[in-house]
Amino acid sequence: MIRIRVTMVAAILAVIATPAHAKWLRADTESFIIYSESNEKQLREFAANLQRFDTTLRVVFNVAAKGEESRLPIYLLPGRDDVARLATGSRSAPVSGFYRQDRDGSFALSHRQNDGTLPGTSPAQQVLFHEYSHHFMKRHLRVAFPGWFIEGFAEYYSTVDFDKEGRAMVGQPAHRRAYGLLMLPKMPAERVLFEPPSAMRSRGQTDVYYGRSWLLTHMLFHDPARANQINAYTNAINAGTEPRKAATDAFGDLAQLDKDLNRYVEGRLSYRTTRDPVPVSTAIKITPLSADEDAVMMLRIERMNARADQARLTKVRDDLRALAAKLPANPDLQYELAAAEWDIAPATRDLTAMRAALDKLLAARPEHVRGNVLLGQLQLHQLRQKGETDPAAWKAARRPIQIANRADPNDPIPLHAYFQSFLTERTRPSDMAIKGLERAFALTPENLNLRSAYAVWLAHLGRFEPAINLAKTVAFDPHDNGRGDALLKRIETMRDRGAAAAPEAEDDDGEG
């Protein structure tokens, strides 16, 4: 048992009209960088509560570190419809918050709207706590978990609240799952255990799946008769036991497990309270964004969330071009323009325009971390396109990435980009690059692309056991879009052949 311890241009022009009055604020805490247009008091309260939740998870799982070297950015928007549009392109989509990891790093989106009528924490906060629990699990609990437990764990901790003394109350009911659990057809425990969330064929089934996953997690955490079963189950899975055998060995007869689960939902659910109050962080710094960064913030968020939709991404790029014509001296805008151009499909992007934007950016800010990474990636891409074989040319091309790393040694993006630069060259990474990849993984183990790259490199070095263990954490993750199974099979094939194969370079668009 785990122990307790828009149009878009119109909006942009409105910002341009009053550049000295930045609307966006930034809150820095030990574990987060939070951006919001709310007032300072509201943002400080939000940041303190989120940091307190992070501290609660650290108490529960005995994580000694107080904060993170690589902190999670969170963007707070006015309402859930704004979040839904950024996530899907539609304001009516049923999305009120989400968490992503990509080549910009990890980030989360949530909103400030509080329309909750149920007891406990607000719906928006529960969604954010759910998403942050995914982040925390990937970062600090580095073993393979099945999809149902990944979602059940996040649902379980999403309802954390604090009593008047400041103690964390953990395991409170997930009221938003009540309809699915009580009114919709029950999903057998066996289906929850062995089918991924992606197999659900309707919103109703998905709701039931999440609810039953939460309920099963709650029962395994709280029912004394099933103490330590979840640990036995996950240990067996990580040792290579076939999932069904691991489940029956740990939980017993699965039909009985289902009956117990059905009885459990009808009973009075218990929750646990931490022994001591969870402290409220005083290390919270609130600062307004510069006029340059404020002017571009919404387009930055749009760009980061439009990658799966080329039409949306092209629209963002065109809006950035229009704004850059009005604000040519804004370096943040030049970076976003270059990044948007790089994000667009290779056949249609304008690399000359991208280079011009980067030149303007780096003339103003020579040590801009992500701008230097982009310049390096652009130069490496161009060398590969022309078939360059001169090592000196490749060394010069990757120099901006080294500048980025020196500017911020705790940013994993330059470290990964430096390692990847050798694969783009089709040569073995240097020892320094390998150490850089290891450091990047240590900083952001939750990033599945980075985790996959590190697993492949471990296999390349003949370290198959840790490589396979890492690949399993990707393969079991319900958010990996099916890439993990191929990764695991590839590494197991390398092991079975007794020979290591060289890792592959990422595609030109930067996606692994």
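His-134, Met-137, Lys-138, Leu-141, Val-143, Ala-144, Phe-145, Ile-150, Leu-448, Arg-451, Thr-473 and Asp-477 line the largest cavity. A cavity here is a set of points on a 1 Å grid over the protein atoms alone where a 1.4 Å probe fits but cannot get out, and lining residues have an atom within 4 Å of a point. The model is a predicted one, in which local features need pLDDT of at least 70 and side-chain atom pairs count only at pLDDT 80 or more, while totals for chains, interfaces and linings use all residues. Residues are numbered from 1 along each chain as its sequence is written, and side-chain values use heavy atoms, with hydrogens and water left out.

The space in this largest cavity comes to about 100 Å³, a volume being the space filled by probe spheres set on the grid points, which are joined across faces, edges and corners. Helices α4 (123–140) and α21 (448–460) each supply at least two lining residues, and α4 gives the most, with three. Helices (H or I, at least four residues) and strands (E, at least two) are DSSP runs, numbered from the N terminus. By class, the lining has seven nonpolar, two polar and three charged residues; Ala, Val, Leu, Ile, Met, Phe, Trp, Tyr, Cys and Pro count as nonpolar, Asp, Glu, Lys and Arg as charged, and the others, Gly among them, as polar.

Strand β3 (residues 72–77) is largely enclosed by the rest of the structure, because six of its six residues are buried. Buried means under 20% relative accessible area, exposed over 50%, and partly exposed in between (1.4 Å probe, protein chains only). In a regular strand the side chains alternate between the two faces of the sheet. In β3, Leu-72, Ile-74 and Leu-76 are buried on one side, and Pro-73, Tyr-75 and Leu-77 are buried on the other. Strand β2 (residues 32–36) runs parallel to β3 and is joined to it by four bridges; two strands pair if DSSP finds at least two bridges between them. Across this pairing, Ile-33 stands opposite Pro-73.

In soluble globular proteins, nonpolar side chains tend to be buried together. The largest nonpolar core has 67 residues, of which Trp-148, Tyr-157 and Tyr-233 touch the most other members. Helix α8 (residues 203–222) gives the most to this core, with nine residues. Apart from it lies another core, of 40 residues, including Val-373, Trp-394, Ile-401 and Ala-459. Such a core is a set of buried Ala, Val, Leu, Ile, Met, Phe, Trp, Tyr and Cys residues joined through side-chain atoms within 4.5 Å.

The charged side chains come next. The whole structure holds 45 salt bridges, each a side-chain nitrogen of Lys or Arg within 4 Å of a carboxyl oxygen of Asp or Glu. One of them joins Asp-260 to Arg-226, with the closest N and O atoms 2.8 Å apart. This pair links distant parts of the chain, since Asp-260 is in helix α11 (residues 254–266) and Arg-226 in the loop between α8 and α9 (229–238), 34 residues apart. Asp-260 is buried at 19% relative accessible area, and Arg-226 is buried at 6%.

Asp-82 and Arg-91 form another salt bridge, at 3.2 Å between the closest N and O atoms. Asp-82 is partly exposed at 21%, as is Arg-91 at 42%. Arg-495 and Asp-496 meet at 3.1 Å, N to O; Arg-495 is partly exposed at 37%, whereas Asp-496 is exposed at 58%. Finally, Asp-104, Glu-293, Arg-300, Arg-303, Arg-307, Asp-332, Glu-336, Asp-343 and Arg-365 are linked in a network of salt bridges.

Conventions:
On a 1 Å grid over the protein atoms alone, a cavity is a set of points where a 1.4 Å probe fits but cannot get out, and a pocket is an open set with protein on both sides within 12 Å along at least five of seven lines; lining residues have an atom within 4 Å of a point.
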